[in-house]
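Here is a short briefing on how the chains of this assembly meet. Please keep the structure open beside you as you read.

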4 protein chains.
Amino acid sequence: MQKENTQQMPKINYATDITDDMKEAKKDYLDRHTPHVVAPDRVQKGKPFAVTVKMGRDYVHPDVVDHHIQTLQLFNGDTLLATATYNPGATTGGMDEAKGYTQVTFQISLGRKGKLTAMSYCTKHGLWVSEEKIVEVE
Amino acid sequence: MQKENTQQMPKINYATDITDDMKEAKKDYLDRHTPHVVAPDRVQKGKPFAVTVKMGRDYVHPDVVDHHIQTLQLFNGDTLLATATYNPGATTGGMDEAKGYTQVTFQISLGRKGKLTAMSYCTKHGLWVSEEKIVEVE
Amino acid sequence: MQKENTQQMPKINYATDITDDMKEAKKDYLDRHTPHVVAPDRVQKGKPFAVTVKMGRDYVHPDVVDHHIQTLQLFNGDTLLATATYNPGATTGGMDEAKGYTQVTFQISLGRKGKLTAMSYCTKHGLWVSEEKIVEVE
Amino acid sequence: MQKENTQQMPKINYATDITDDMKEAKKDYLDRHTPHVVAPDRVQKGKPFAVTVKMGRDYVHPDVVDHHIQTLQLFNGDTLLATATYNPGATTGGMDEAKGYTQVTFQISLGRKGKLTAMSYCTKHGLWVSEEKIVEVE
């Protein structure tokens with residue numbers, strides 16, 4: 001019998017709409033933990049293009065030794081394309097209390113329509129999955 | 001609004017009971033892709049112990065260049081403890097058509113009750129999550 | 001007694017000047033396996049900037065299932081800042097016989113002068129280290 | 001022109017004989033940072049066997065948030081077989097000031113004579129390479 005996702009660990013946090021009526025702390029928590037895939041809407045078959053995976057839109061995540069965004073992974077459907085792993089302090093020059101703009105730009109190409117998502121791992125708050133970014137191939 | 005898991009990629013495949021009335025191919029597919037956490041029921045606080053993450057019980061997964069179990073991760077709740085990554089052919093001596101007993105034994109210790117799960121990644125069939133293994137600490 | 005590097009495995013291949021009198025096959029082999037760090041000469045303390053690690057200058061490495069650039073790592077001196085790992089076919093859309101422009105752009109910042117190098121891993125030809133890129137901090 | 005290893009970063013620290021006349025602090029530093037490959041002298045072709053990569057013989061390395069053994073890699077000659085990555089605190093139950101017995105046991109098999117080495121990464125003291133372990137195949 002298939003288990004319910006809610007009963008299973010590790011929890012997979014999926015991208016959630018951030019709404020005006022949320023409390024500021026919740027907006028911050030959700031926004032800074034949500035990865036986004038930035039890619040063209042349309043690419044040429046087999047031609048390399050840049051895909052950026054970045055955390056958050058309006059809020060910045062800490063990058064301190066015991067709390068940072070460690071991993072950013074890029075998937076196409078169920079297939080893992082690439083993984084970036086940061087050591088703590090890399091985005092802040094190792095400065096205490098600092099916040100870091102954790103992002104990575106991979107160069108990939110596609111043979112057919114891509115369904116790109118990102119999964120990130122925060123060392124305190126676990127796994128997070130982006131919304132899907134469709135990339136058409138022509 | 002929280003999205004349904006079923007609409008999201010990458011799909012997270014959770015451990016499922018394998019039943020007698022399943023077709024052989026389905027049993028094989030599910031069994032060989034399901035990671036298991038093998039650990040003591042009870043450990044001493046702060047004392048190192050071995051945790052094995054292994055794939056399947058009765059069926060063996062291929063380990064060929066384009067299809068293998070690439071990653072085994074050990075979580076405690078939402079927290080990633082350790083990751084093992086295999087390159088293709090490592091479990092089979094690089095032999096073609098071979099199947100490989102992909103497993104890893106980590107040495108960890110716990111400060112309080114552990115809720116251990118494993119997540120594995122197959123290069124053709126994506127992400128799979130084990131059942132939870134509770135480890136009591138005394 | 002310190003062992004000589006030449007007696008030790010895995011071999012670490014260091015960036016080598018490619019000279020006009022080398023044979024074409026050797027130029028190709030050396031160039032396509034050599035990682036380069038592309039970064040500004042000078043940055044502001046604690047301000048994020050992009051660092052690209054890319055393979056080769058004039059020749060392109062294959063990205064096929066049994067032969068590809070799997071890992072690009074960025075070091076500052078002896079300290080690992082970030083690692084990117086590609087699965088085979090990610091840079092070529094999974095097309096056979098294809099060559100791939102394997103590169104990654106990390107976003108980092110520095111608290112003091114950086115001495116950046118990259119280490120790459122080719123699944124057939126092992127570990128390669130770039131020349132050092134000095135980044136002054138003001 | 002091939003560069004000298006001594007001029008290149010990241011420094012690769014090779015296994016060194018620890019001698020009685022070394023100061024205690026140096027023995028400790030060298031021993032706890034040196035990875036060892038523990039494997040049978042002789043295995044059967046294509047049959048899986050366990051290989052343990054462990055740090056040190058007589059001294060234990062810290063496993064605290066800003067100083068731990070992050071990565072253990074197993075090579076056969078120039079070929080990477082498997083990588084284990086630990087997050088800080090995994091070997092000590094997250095306890096402060098604790099030291100951790102960082103080790104991992106991979107299951108591999110060989111098609112011909114193996115020349116196994118391990119490379120480890122300490123988050124403060126960089127890259128270290130074990131002595132070579134020869135595994136005969138019959």
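Between chain C and chain D there are 6 residue pairs in polar contact, both residues of each pair being at pLDDT 80 or more; a polar contact is a pair of N or O atoms within 3.5 Å, where within protein one must be able to donate a hydrogen and the other to accept it, and residues adjacent in sequence count only if both atoms are side-chain atoms. This is a predicted model, in which local features need pLDDT of at least 70 and side-chain atom pairs count only at pLDDT 80 or more, while totals for chains, interfaces and linings use all residues. Residues are numbered from 1 along each chain as its sequence is written, chains are lettered from A and ligands numbered from 1 in the order in which they are written, and side-chain values use heavy atoms, with hydrogens and water left out.

**Chain C against chain D**

- The count of salt bridges between chain C and chain D is 0, a salt bridge being a side-chain nitrogen of Lys or Arg within 4 Å of a carboxyl oxygen of Asp or Glu.
- On chain C, the side that touches chain D draws at least two residues from each of strand E1 (12-14), strand E6 (69-76), E7, strand E10 (114-122) and strand E11 (126-129); strands (E, at least two residues) and helices (H or I, at least four) are DSSP runs numbered from the N terminus.
- That side of chain C holds 12 nonpolar, 10 polar and 6 charged residues; Ala, Val, Leu, Ile, Met, Phe, Trp, Tyr, Cys and Pro count as nonpolar, Asp, Glu, Lys and Arg as charged, and the others, Gly among them, as polar.
- Chain C and chain D each bring 28 residues to the contact, which means heavy atoms within 4.5 Å.
- About 2500 Å² is buried between chain C and chain D, 53% of it from carbon and sulfur atoms; buried area is the accessible area (1.4 Å probe) that two parts lose on being put together, summed over both.
- Met9(C), Tyr14(C) and Asp78(C) give 26% of the area that chain C buries against chain D, more than any other three residues.

**How C and D are related**

**Chain C against chain A**

- Here 26 residues of chain C touch 26 residues of chain A.
- Chain C and chain A bury about 2000 Å² between them, with 50% of it on carbon and sulfur atoms.
- This interface has 19 residue pairs in polar contact, both at pLDDT 80 or more, and 0 salt bridges.
- E7(C) supplies the largest share of the side of chain C that touches chain A, 7 residues.
- Strand E7 (residues 79-86) of chain A pairs with E7(C) in the antiparallel sense over 5 bridges, where pairing needs at least two DSSP bridges.
- Within this pairing, Ala82(A) stands opposite Tyr86(C).

**Salt bridges elsewhere**

- Over all chains, the whole structure has 16 salt bridges.
- One of them joins the side chains of Asp66(B) and Lys124(B), at 3.9 Å from N to O.
- These two residues lie 58 residues apart and link distant parts of the chain.
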